[in-house]
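Dear colleague,

Here is the structure I promised to pass on, with its sequence. My notes on what I found in it follow below.

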Amino acid sequence: MWRDYSIGFIKRNRASSLSVIVAAFISALFFSWLCGLFYNFWNYEIERIVSEEGDWQGRICGTFDESVVSDIKNFANVDAVTINPKLSDENNLVVDIRFQNIRTVYRDMPIIAEQLGVSDRDLSYHELLLSRYFVHDPQDTAPPLLPAFCAAVLMIVCVSLILIIHNSFSVSMDARVHQFGIFSSIGATPGQIRACLLQEAAILCIPPILLGTGIGAALCFGTIQLVNQLAKEIVGRHEAVFTYHPLVLGITILAAVLTVFISAWLPARKLSKLTPIEAIRNSGELHLKKKKNVRFLSLVFGAEGELAGSALKAQKKALRTSAISLTLSFMGFTLMLCFFTLSEISTNHTYFERYQNAWDVMATIEDTDLEDFTKTDDVQSIGKADSVIYQKAEALCPVLETNFSDRLNELGGVEAVAGDSVRIVDGSYLVDAPILIMDDKSFEAYCRRIGVNSKSTGSIVLNRIWDSVNSNFRYKKYVPFLSEEQDSIVLQNTEQTEETVELPILAYTQEPPVLREEYDNYTLVQFLSLSTWKQIENTIGYTEADTYIRVLAEGDRELSALKAIETEISDMIGDNFTFEMENRVQERRDNEEMVNGYKIMIGALCVLLAVIGIANVFSNTLGFIRQRNREFARYMSIGMTPKGVRKMFFIEALVIAGRPLLITLPLTVLSVGFMITASCLNPMEFLTKAPILPAAVFILGIFVFVALAYCMGGRKIMKCNLAEALRMDDIV
């Protein structure tokens, strides 16, 4: 009997049934899409890390021989052991280890080290790879953020979808309270009523869940292909391959089924607890528990505004999902656009605009000293380009307080400006002195540019320090560091040994060479020729392992021209050296593609929230026909015209879509103001690039869909027969 009744009700109430079907379909679709995306991005991240850094999980460094490999293999849980030839040398052997059960890495590695007689300091863990497998150091007190983030996003989606489906079932079931009251009065038990409602949920939701899961998987595939298409020009990027694990399918269907079950069980349980008298008295109409005046709407729109405001207050609980979802989508979308706009402005300030006239092509010659690089003349012979070959080293410089500049002393001394970045040792301030070693030809060109004689042995000192008292990090002002009365400078190696080198100062300058380098704010940078460096390298030492080639094109700086320079340099260097190439224009395009990918992903989540809110509005408008037809029939029976009814619907739609906007705008303005202040940007820079158009299109789209929902519901209301609507409900 109950099966026949459920099938009959579904056939005769297609509008409310459709809202439940759509809700279940949306639930399954987004579960499938999000779970698929999370799995594919997780799998892609692991593949990227393995391809770039290797698949090792633990690493041991020691002074043992190669026979240790077989000893480590004998340990339980060890899957593979390999010797790392790049990191191993004559004195130390570096061994990479993979485990069968990756979750015991932090427990097994110390045991292996103890058996080999190796200190824990010689152990290292592939923390990035392990974190992607959700394996973390038990001694680390900081909680892992990635699993928490993924769980939080999935939980928010689950709760949001439960709310929307629950609302669809609640609207459908609340309209039948009177009917089930009659059933209960003639002997139907609460268990039978719950079983009837749950079997209706199963009949309505199983097909859309299966369909939504399949379409969600297809949507995930399309998203992966779109990301690959957008990022296809990123050099060296590992292309994502779509995979849909059976476990993802199982989790998706299980989550969708549980969501539907919980959403249907909550109103069914509530309905089954009503006494027969309470249920029979319920007419299915919306009523205010307490009369409230809606002064603003009545003042602006008149009587229709008063009625619309009262109706919205009566539907407050049913529309709660819409209010929350639309508010979050408004805020998420606008904050995302503003954040990326500010990020783009900041990146341009600190990188692309700052270095656009400093470099076009960079080559990093790995594990090669500048004096061992034999292609210097060939690189500098590239036509229509300025080339500099350089290497970096570290040193320290003791400075007496009497040598600081007057401007620095006026600011309160070096402690007031640099804080803990400098320290006092043996009565002198010990200042970091990075050394930039340039090939002789490039150093001569730099000396000519600043008007210095390059024939002598010595150093050019970048004599400046950031005035952190009167300027911020975004718009820095500099003052002289030293008084410029010294004609020599003392350097010592970073181990602070007693051996020092005294170099003549060729010049003090505020203008560094045109290179892609970031100089620390509180250091005394030294620019040396290679010839000068050869005289002091045995004392100072500690050069970086790599040599750099900076190329600045003098003519065409389009991507094709820069790629031609890259090819020319690659051919010159040949196979004798290991090197990496960077292209400024390509790097900017890659950055833009990456940011666009982030925008698509975060924008999709915002659209998801908007869809949840709009679907909630649709489910209300499609399901409120039986609840509100008596309400509007009474209004029309006392003289309200169809125009007045349409005005009421317009006001309700305007409030539903407009209220989240009014809540969001002040919060967005405050948040953006905080971000601008924190990043020390000029507000006018943001205002000139504010993402007003895309935000307006997003907002307009939500207004249009909410209006469409009310238009569809209103048309059904207007078609109702007044006499039929005013009669008491009977069993459908």
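I begin with His126, which is buried, its relative accessible area being 3% (buried means under 20% relative accessible area, with a 1.4 Å probe and protein chains only). This is a predicted model, in which local features need pLDDT of at least 70 and side-chain atom pairs count only at pLDDT 80 or more, while totals for chains, interfaces and linings use all residues. Residues are numbered from 1 along each chain as its sequence is written, and side-chain values use heavy atoms, with hydrogens and water left out.

His126 lies in the loop between β4 (123-125) and α5 (127-132); helices (H or I, at least four residues) and strands (E, at least two) are DSSP runs, numbered from the N terminus. Apart from neighbours within four places in sequence, His126 is in contact (heavy atoms within 4.5 Å) with Ile49, Glu53, Gly54, Trp56 and Gln57.

Turning to strand β11 (residues 459-462), Ser459 and Val461 point one way and Ile460 and Leu462 the other, and all are buried. In a regular strand the side chains alternate between the two faces of the sheet. Strand β11 runs parallel to β15 (residues 500-509), to which four bridges join it, and Ile460 has Ala507 as its bridge partner there. Three bridges join β11 to β16 (residues 525-529), and these two strands run antiparallel, with Val525 of β16 as the bridge partner of Leu462; strands pair if DSSP finds at least two bridges between them.

Finally, helix α22 (residues 642-678) is followed by Cys680, whose phi is positive, near 60 degrees.

Notes: Buried means under 20% relative accessible area, exposed over 50%, partly exposed in between (1.4 Å probe, protein chains only).
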